[in-house]
Amino acid sequence: MDFWEHPLIETAASYSVSVLCGVLFLAIFEIVTKYNNWEQIKQGNFSVAMATGGKIFGISNIFRYSIQHNDTLLQSMGWGLFGFVLLLFGYFIFEFLTPSFRIDEEIEKDNRAVGFIAMIISVGLSFVIGSNIG
């Protein structure tokens with residue numbers, strides 16, 4: 001058995017890449033939101049914590065499907081990136097479909113109903129996106 005094909009090495013590689021991509025993708029979410037996620041969480045904003053937790057779960061779940069359904073690390077990364085783009089697109093659709101109020105402003109004000117829905121949307125979309133990953 002080749003060193004790179006050993007299950008422990010493959011697992012460590014998938015884990016490492018998923019964590020790095022997760023950090024990168026969270027940084028991108030941080031850029032597109034109008035508030036500072038980690039500062040708001042530090043201040044106890046539960047709505048931001050729920051929305052951010054949903055994004056973390058969503059990204060992780062997409063990579064779960066991507067790793068499960070692809071043979072190589074490169075394929076998994078590619079599908080994971082594609083899944084993240086779809087998840088990000090879902091975030092913008094959510095914002096667009098609620099013209100009567102601004103999602104980011106409500107979450108920043110700790111509107112827990114909006115934070116909860118944002119979390120559920122991220123989680124739900126991650127299952128839909130993941131199930132379609134080739």
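A residue counts as buried when its relative accessible area is under 20%. Ser47 sits at 0%, so it is buried. Keep in mind that what you're looking at is a predicted model.

Let's start with Ser47, which belongs to helix α3. Who does it touch? Setting aside its neighbours within four places in sequence, Ser47 is in contact with Ile107, Asp110, Asn111, Arg112 and Gly115. Two of these fall within named helices: α5 covers 103–108 and α6 covers 112–131.

Now take Gln68, another residue of helix α3. Buried or exposed? Gln68 has a relative accessible area of 49%, so it is partly exposed, because that class takes in whatever lies between the 20% limit for buried and the 50% limit for exposed. The C-alpha atom of Gln68 lies 9.9 Å from that of Gly130, although 62 residues separate the two along the chain.

**How α3 packs on α4**

Two packed helices are described by the angle between their axes and the distance between the axes. For helix α3 (residues 46–69) and helix α4 (residues 73–96), the angle is about 145° and the axes are 9 Å apart. The crossing of this pair is right-handed. On the α3 side, the contact is made by Lys55, Gly58, Ile59, Ile62, Phe63, Ser66 and Ile67. On the α4 side, the residues are Gln75, Ser76, Met77, Trp79, Gly80, Gly83, Phe84, Leu87 and Tyr91. Sorted by class, the contact of α3 with α4 holds nine nonpolar, six polar and one charged residues.

**Empty space in the model**

Rolling a probe the size of a water molecule over the atoms shows where empty space is left. How many cavities of 30 Å³ or more does a search of the whole structure find? There are two.

| Space | Volume | Lining by class |
|---|---|---|
| Largest cavity | about 100 Å³ | ten nonpolar, two polar, one charged residues |
| Second largest cavity | about 40 Å³ | three nonpolar, two polar, two charged residues |
| Largest pocket | about 250 Å³ | five nonpolar, five polar, two charged residues |

The largest cavity is lined by 13 residues, and nearest its centre are Lys55, Tyr91, Phe94, Ala118 and Ser122. The elements giving two or more residues to this lining are α3, α4, α5 and α6.

Which residues line the second largest cavity? They are Leu26, Phe29, Glu30, Asn37, Trp38, Thr52 and Lys55, so Lys55 turns up here too, with an atom within 4 Å of a cavity point. Two or more lining residues come from each of α1 (7–32), α2 (37–42) and α3, and α1 gives the most, with three residues.

Finally, the largest pocket. Its lining is made up of Trp4, Ile9, Glu10, Thr11, Ala13, Ser14, Ile67, Asn70, Asp71, Thr72, Leu73 and Ser76. Helices α1 and α4 are the elements that give two or more residues to it, and the largest share, five residues, comes from α1.

Definitions and conventions:
Residues numbered from 1 in each chain as written. Predicted model: local features only at pLDDT ≥ 70, side-chain atom pairs only at ≥ 80, totals over all residues. Heavy atoms only, no water. Axes fitted to C-alpha atoms, helices over the stretch in contact; angles between N-to-C directions. Helix = DSSP H or I, 4+ residues; strand = E, 2+ residues; numbered from the N terminus. Left-handed = near helix turned anticlockwise from the far one by under 90°. Contact = heavy atoms within 4.5 Å. Nonpolar A, V, L, I, M, F, W, Y, C, P; charged D, E, K, R; others polar. Buried < 20%, exposed > 50% of the residue type's maximum accessible area, 1.4 Å probe, protein only. 1 Å grid on protein atoms, 1.4 Å probe; cavity = no way out; pocket = protein on both sides within 12 Å on 5 of 7 lines; lining within 4 Å. Points joined across faces, edges and corners; volume = space filled by probe spheres on them.
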